[in-house]
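Good morning, colleagues. Please look at the sequence and the structure on the screen, and I shall take you through a few computed features.

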Amino acid sequence: MKDILEGYLNYIAIRKSHHTKRAYRNDLLQFIGYLPAIEHPSQITPKHIDDFISVLGLSKTTLARKLASISSFFTYLKRQGIVQSNPVDDIERIRVRKRY
């Protein structure tokens, strides 16, 4: 699973800012570390993601970013043919008010 994550991080290295890459990397390492003995991303369900988000106790903004990180990862995996669907699509997104 970490090899797949490294492939994704290499993919976003030229598409995202250094700050975003670092945040996504940390989010995904935290998520993967939370998962119970998952060997392949296709085994991850919306419930895994919901459970992960619910135990964090972080601000809505941070939770929204973590969901965005996971969703972006699964979008990449889907494009690469590693998974057939993005489990984040089945999760209600966290709404964050924009500051002006």
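I begin with His 48. Leaving aside residues up to four places away in sequence, His 48 touches Phe 31, Tyr 34, Leu 35, Pro 36, Ile 38 and Gln 43. Please bear in mind that this is a predicted model. His 48 belongs to helix α3, which spans residues 46-56. Is His 48 buried or exposed? Its relative accessible area is 18%, and because the cut-off for buried is under 20%, His 48 counts as buried.

My second residue is Leu 5, situated in helix α1, residues 2-13. Leu 5 has a relative accessibility of 1%, and therefore counts as buried. With residues up to four places away in sequence again set aside, the contacts of Leu 5 are Leu 28, Leu 29, Ile 32 and Phe 73. Between Leu 5 and Lys 60 there are 25 Å from C-alpha to C-alpha, at a sequence separation of 55 residues.

Let me turn to the chain as a whole. The protein chain contains four helices and zero strands, in the order α-α-α-α along the sequence. Its radius of gyration is 13 Å, which agrees with the value near 13 Å for a compact globule of 100 residues. Of those 100 residues, 35% are buried. Among contacts with a separation of 6 or more, 58% join residues 24 or more positions apart.

Finally, the surface and the charges. The protein chain exposes about 6,600 Å², with 47% supplied by carbon and sulfur atoms. There are 17 positive and 9 negative side chains, and the centres of these two sets are 11 Å apart.

Terms used
Residues are numbered from 1 along each chain as its sequence is written. This is a predicted model: local features need pLDDT of at least 70, side-chain atom pairs count only at pLDDT 80 or more; totals for chains, interfaces and linings use all residues. Side-chain values use heavy atoms; hydrogens and water are left out. Helices (H or I, at least four residues) and strands (E, at least two) are DSSP runs, numbered from the N terminus. Buried means under 20% relative accessible area, exposed over 50%, partly exposed in between (1.4 Å probe, protein chains only). Contact means heavy atoms within 4.5 Å. The radius of gyration is taken over C-alpha atoms; the globule rule is 2.2 Å times the number of residues to the power 0.38. Accessible areas come from the Shrake-Rupley method with a 1.4 Å probe; for residues, only the protein chains shown count as cover. Lys and Arg count as positive and Asp and Glu as negative; His and the chain ends are not counted. The place of a charge is taken as NZ of Lys, CZ of Arg, CG of Asp or CD of Glu.
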